[in-house]
Amino acid sequence: MNAAGPTAERVYEAVKACILRGAFRPGARLDPAVLADRLGSSVTPVRAGLNMLVGEDLVETGTGEGFHIPLIDEPALKDRYAWNAEILGVVLRRPSAQAAEVPLGGETGNQAVRAATLFVGIARWSPNVEHARAIARMNDRLHAARVAESAVLAEVDAELDEITAAAVRRDGTGLRPLLARYHRRRIRSAAAILRQLYRMEDSPAE
């Protein structure tokens, strides 16, 4: 195994954790040399870790442009919410009879984690494993926005409680309107969510 491998994995995990908690604003530049110094690593594994994040659409790069957090505008954020809703809608149309129990969605108050856990649990009702993989990937791409939602939208925990209760009952008919309302609310509020997201201050990777 390449000796840099574990270090690249550590960099990947550390920077991804910072991205998911909204530590970097959209468009923020990620300097490999600065990150290497903060993480106690050399630049080569930092670049490898950042390229892993490029493959997950959490970081962007281009010739001569370096690495940066992708910019996101209102139409793009609306598209992400809509795509999340579409995947869950497909799952609910043809759930597996052997569907696993839906996790309760994490601790009350950690709304981004609750939503991510809940939606992956619902996606696992599908006999097609690609649905759960697609939701997990979109969870990562929506995580920072979901963190910002808590400052924009009221009663998110109650909303997630209602969705969780229907999911635990395997009430697909009841889930459809709840999920539709959940996503419509965010699509309508996308501009305010983005304003909150862009106010988040940059902080160093830990």
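Visitor: Are α4 and α6 oblique to each other, or roughly parallel?

Guide: This is a predicted model, in which local features need pLDDT of at least 70, side-chain atom pairs count only at pLDDT 80 or more, and totals for chains, interfaces and linings use all residues. Residues are numbered from 1 along each chain as its sequence is written, and side-chain values use heavy atoms, with hydrogens and water left out. The axes of α4 (residues 74-93) and α6 (residues 129-149) cross at roughly 140° and come within 10 Å, so the two helices are oblique to each other. Angles under 35 degrees count as roughly parallel, over 145 as roughly antiparallel, 65 to 115 as roughly perpendicular, and the rest as oblique. Axes are lines fitted to C-alpha atoms, for helices over the stretch in contact, and angles run from 0 to 180 degrees between N-to-C directions.

Visitor: Which residues in α4 and α6 meet?

Guide: Those in α4 include Leu 77, Trp 83, Ile 87 and Val 91, and those in α6 include Ala 134, Met 138, Leu 142 and Glu 149. Contact means heavy atoms within 4.5 Å. The residues of this contact divide into 12 nonpolar, two polar and four charged. Ala, Val, Leu, Ile, Met, Phe, Trp, Tyr, Cys and Pro count as nonpolar, Asp, Glu, Lys and Arg as charged, and the others, Gly among them, as polar.

Visitor: At what angle do α4 and α9 pack?

Guide: About 110°, with the axes of α4 and α9 (residues 190-199) 9 Å apart. The pair is therefore roughly perpendicular. Glu 74, Leu 77, Lys 78 and Tyr 81 of α4 make the contact with Ala 190, Ala 191, Ile 193 and Leu 194 of α9.

Visitor: Changing topic, is Leu 179 buried or exposed?

Guide: Leu 179, which lies in α8 (residues 172-188), counts as buried because its relative accessibility is 5%. Buried means under 20% relative accessible area, exposed over 50%, and partly exposed in between, with a 1.4 Å probe and protein chains only.

Visitor: What does Leu 179 touch?

Guide: Leaving out residues up to four places away in sequence, Leu 179 touches Leu 88, Leu 92, Phe 119 and Ile 163. The C-alpha atoms of Leu 179 and Ile 163 are separated by 7.2 Å, and the two residues are 16 apart along the chain.

Visitor: And how many helices and strands are there in the chain?

Guide: Nine helices and three strands. These are DSSP runs numbered from the N terminus, helices being H or I with at least four residues and strands E with at least two. Buried residues make up 45% of the 206 residues.
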